[in-house]
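Hi,

Here is the structure I said I would pass on.

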Amino acid sequence: MASPSQRRGVVTGAASGIGKATALRLAREGARVLAVDVNGGGLAELEGEAIETLAADVTDSKHRQTIADWADGAHYLVNSAGVVMVKPIFEITVEDWRRVQTINAEATFFLCQAIGPRLAAGGAIVNLSSSSAKFATTVEVAAYAASKTTILSITRSFAYALAARRVRVNAILPGIVDTPMQEEVLEKVAPMRGLTADEWREARNRAVPLGRGSSADECAGLIWFLLSDEAPYMTGQAINFTGGLVTW
Ligand SMILES: NC(=O)c1ccc[n+]([C@@H]2O[C@H](COP(=O)([O-])OP(=O)(O)OC[C@H]3O[C@@H](n4cnc5c(N)ncnc54)[C@H](O)[C@@H]3O)[C@@H](O)[C@H]2O)c1
């Protein structure tokens with residue numbers, strides 16, 4: 001097994017939020033990182049000795065092939081690229097549905113398929129699901145929630161498929177993590193409910209037993225734990241990261 005300083009890992013969605021914090025965390029832990037995002041400009045500040053960047057669209061099979069070639073013999077894959085779609089449930093179109101499924105679920109499936117068999121024994125994958133896979137309270141993100149529920153199934157299937165190779169696959173279900181995506185949800189959902197973004201932020205935080213949202217760095221800490229040798233017996237799991245909001 002390679003020492004942490006010899007290990008390599010791919011992080012998608014690395015130009016922003018949780019993906020960015022995770023790429024930086026992996027680099028701090030001594031890994032060499034391929035930071036991938038469709039927003040190439042947003043990756044620029046990550047570029048450095050430990051982090052290579054790649055402007056790529058995870059929905060493009062040729063781009064996924066390029067990522068998989070880099071990942072040959074690597075140890076980590078974090079599927080953090082994603083989009084949210086905020087819309088009243090009765091107005092969601094087939095195109096809306098397909099877009100979120102393609103970016104969030106389909107790309108996660110095919111990156112696990114392309115990269116999982118090429119990871120080194122002892123390697124690990126973390127997929128970003130969401131508490132919306134369990135909770136329907138933010139019904140304005142119904143199509144997104146369905147894509148995040150699909151990710152739970154994808155995670156379980158690849159956990160079984162890759163276990164014999166000693167590659168672990170887990171999902172995390174964040175609730176509120178302060179990132180640009182979370183701001184988008186606040187700004188779009190609040191007026192649909194006749195609230196300001198601040199009013200809805202406060203109401204949501206009050207519903208969280210720990211009374212606040214999380215930072216992206218805190219979320220990256222859980223992702224690192226699941227990737228690391230501290231979690232050698234964990235695979236196929238769906239870990240809530242919600243400040244106590246979801247307990248099942
Ligand atoms: N922030 C939260 O509260 C929260 C809660 C639950 C789940 N999540 C999940 O965590 C993950 C990261 O979310 P975030 O809050 O950091 O969001 P974010 O919007 O800050 O970052 C997402 C990144 O994904 C990239 N991306 C989008 N489509 C892509 C594509 N086709 N190819 C490559 N990159 C693409 C974006 O450019 C962006 O940089 C997402 O999958 C999201 O659904 C976030």
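Let's start with A216, which is found in helix α8. (Helices are DSSP runs of H or I with at least four residues, strands are runs of E with at least two, and both are numbered from the N terminus.) Before going on, note that this is a predicted model: local features need pLDDT of at least 70, side-chain atom pairs count only at pLDDT 80 or more, and totals for chains, interfaces and linings use all residues. Residues are numbered from 1 along each chain as its sequence is written.

Is A216 buried or exposed? A216 counts as buried because 23 C-beta neighbours lie inside 10 Å. (The cut-offs: buried means 20 or more other C-beta atoms within 10 Å of a residue's own, exposed means 12 or fewer, and partly exposed is in between, with C-beta atoms placed from the backbone.) Leaving out residues up to four places away in sequence, A216 touches G17, I18, K20, A21, V177, D178 and T179. Contact here means that the two C-beta atoms, placed from the backbone, lie within 7 Å. S3, by contrast, is 213 residues from A216 in sequence and 26 Å from it in space, C-alpha to C-alpha.

(The expected span is 1.5 Å times one less than the number of residues.) Buried along α8 are A216, C219, A220, L222, I223, W224, L226 and L227. Their cover includes α1 (17-28), β4 (76-79), β5, β6 and β7.

Take β6 (residues 168-174) to begin with: seven of its seven residues are buried. On one side these are R168, N170, I172 and P174, and on the other V169, A171 and L173. Strand β5 (residues 124-128) runs parallel to β6 and is joined to it by five bridges; strands count as paired if DSSP finds at least two bridges between them. From β5 the chain crosses through helix α5 (residues 142-163) to β6, a right-handed β-α-β crossover. Right-handed means that, with the strands pointing away from the viewer, the path from the first strand over the helix to the second runs clockwise. I125 stands opposite V169. β6 also pairs with β7 (residues 238-241), in the parallel sense over four bridges, and there I172 has I239 as its bridge partner.

Most residues other than glycine have a negative phi.

The other strand is β1 (residues 8-12), with five of its five residues buried. V10 has L34 as its partner in β2 and stands opposite L77 in β4.

Finally, the ligand: of the 28 residues around it, G13, G17, G82, T179 and M181 come nearest. (A residue is near if its C-beta atom, placed from the backbone, lies within 6 Å.) α1 and α6 (180-192) are the elements giving two or more residues to this shell.

Cheers
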